[in-house]
Amino acid sequence: MAAPRDTSRVIEVPGPWQHRYVAANGARFHVVEAVAEGTPDAPLVLLLHGFPEFWWAWRDQLPALAEAGYRAVAMDLRGYGGSDKTPRGYDPLTLARDVAGVVKALGERSAVLVGQGWGGYVGWATAALHPREVSALCAVSAPHPRVMLQGLRTSQGWPAFGHVLSMQMPMLPERKLSDPRSGYLHRHLVRWSSPVSAFPDDDVSATYQRAFDLWPAPHCALEYHRWLVRSRFRFDGRHFSQLMARPLAQPVCLLRGGDDPAMPARLQAGSVSYVDGPCHSVELPGTGHFPHEEDPPAFNAALLAWLRSLEQAG
């Protein structure tokens with residue numbers, strides 16, 4: 001499926017990076033790359049955004065990673081931004097194949113995945129189902145998929161549970177998400193950020209809103225949420241849960257904002273049991289569900305420290 005007509009104007013935000021389109025898993029994906037000159041063998045760090053964002057969520061991490069000697073690439077997940085908006089394919093099995101395919105389309109054997117929110121959910125799935133393409137995982141505001149489902153059933157998980165349930169209605173959520181007059185997108189970013197955070201300002205919210213003006217991006221983004229609920233009553237959901245039961249052998253960094261209403265600390269602690277490899281936990285005070293945007297310097301310092309520890313460990 002071809003990219004929407006106005007994608008280049010809205011999605012290809014200029015900066016110290018390059019825009020590309022690559023083919024993987026039967027679809028076309030928009031990727032944004034930053035790498036320092038003279039570093040042809042820089043290790044790949046692939047950044048996976050969450051809801052309701054697109055690659056631009058990593059605008060502060062792309063140049064920082066490139067300056068530190070990494071090949072930083074942020075992709076638009078299926079249905080978002082400049083990537084194909086297919087009628088189907090919003091289950092984690094397909095999304096994991098997307099990410100693994102993009103790694104290979106970029107000419108690499110493996111990558112460190114850094115995923116926030118739904119991007120972290122997809123990152124967990126990719127690391128488990130395609131371990132050869134994932135050398136390590138940093139899950140930001142994203143508990144292990146099995147732990148997340150357990151957490152939604154508790155009182156601490158009600159904010160996230162209510163959010164997921166509200167997306168199950170037909171068409172009304174799409175209308176709210178795509179209409180800037182509703183204020184829905186801005187309110188969501190504010191509610192899930194720390195009370196002491198200045199994120200998001202009006203310009204940030206407007207940028208994300210313009211990306212959702214590209215129909216059917218709102219519908220595609222909501223299909224992630226809908227699969228999560230519908231799959232509870234189907235074989236594919238039980239099958240995915242079984243596949244995710246085996247702990248990861250790769251190194252994992254669990255990073256959360258100290259004020260994240262959607263990811264209580266106990267969910268991060270519970271995710272540790274699904275990691276057999278080295279596991280590192282970080283909590284950034286004064287940030288909520290979007291620590292990479294709420295406090296970029298602190299987030300970048302924590303991410304780079306973990307990446308350097310991977311290099312030192314060989």
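**Note on the predicted model**

1. Helix 14 is followed by G314, a residue whose phi is positive, near 85°. Helices here are DSSP runs of H or I with at least four residues, strands are runs of E with at least two, and both are numbered from the N terminus. This is a predicted model, in which local features need pLDDT of at least 70 and side-chain atom pairs count only at pLDDT 80 or more, while totals for chains, interfaces and linings use all residues. Residues are numbered from 1 along each chain as its sequence is written, and side-chain values use heavy atoms, with hydrogens and water left out.

2. Helix 14 itself covers residues 296–312, and its 17 residues reach 24 Å from the first C-alpha to the last, close to the 24 Å expected at 1.5 Å a residue; the expected span is 1.5 Å times one less than the number of residues. In this helix P296, F299, N300, A302, L303, L304, W306 and L307 are buried, where buried means under 20% relative accessible area, exposed over 50% and partly exposed in between, with a 1.4 Å probe and protein chains only. An α-helix has 3.6 residues a turn, so residues three or four places apart point the same way.

3. The largest pocket holds about 320 Å³ of space. On a 1 Å grid over the protein atoms alone, a pocket is an open set of points with protein on both sides within 12 Å along at least five of seven lines, a cavity is a set where a 1.4 Å probe fits but cannot get out, and lining residues have an atom within 4 Å of a point. Grid points are joined across faces, edges and corners, and a volume is the space filled by probe spheres set on the points. The lining of the largest pocket has 21 residues, of which V112, S135, A136, L310 and E311 lie nearest its centre. Helix 14 gives the largest share of this lining, five residues, and strand 3, strand 5, strand 6 and strand 8 are among the elements that each supply at least two.

4. Eight strands form an open sheet in the order 1-2-4-3-5-6-7-8, with mixed pairing; two strands pair if DSSP finds at least two bridges between them. Strand 1 (18–24) and strand 8 (279–284) stand at the edges, each with a single partner strand, so one side of each is left without a neighbour in the sheet. Within the sheet, strand 5 (residues 111–116) and strand 6 (residues 134–140) pair in the parallel sense over six bridges, and A111 has V134 in strand 6 as its bridge partner.

5. A cis peptide bond, with omega about 5°, joins F51 and P52, and P52 lies in the loop between strand 3 (44–48) and helix 2 (61–67). P52 is also one of the residues that line the second largest cavity, which has a volume of about 40 Å³. Helix 9 (residues 202–212) supplies the largest share of that lining, three residues. The peptide bond from W215 to P216 is cis as well, with omega near 10°, and P216 is placed in the loop between helix 9 and helix 10 (217–230).

6. N25 is not a glycine, although its phi is positive, about 55°; N25 is found in the loop between strand 1 and strand 2 (27–34) and counts as partly exposed at 34% relative accessibility.
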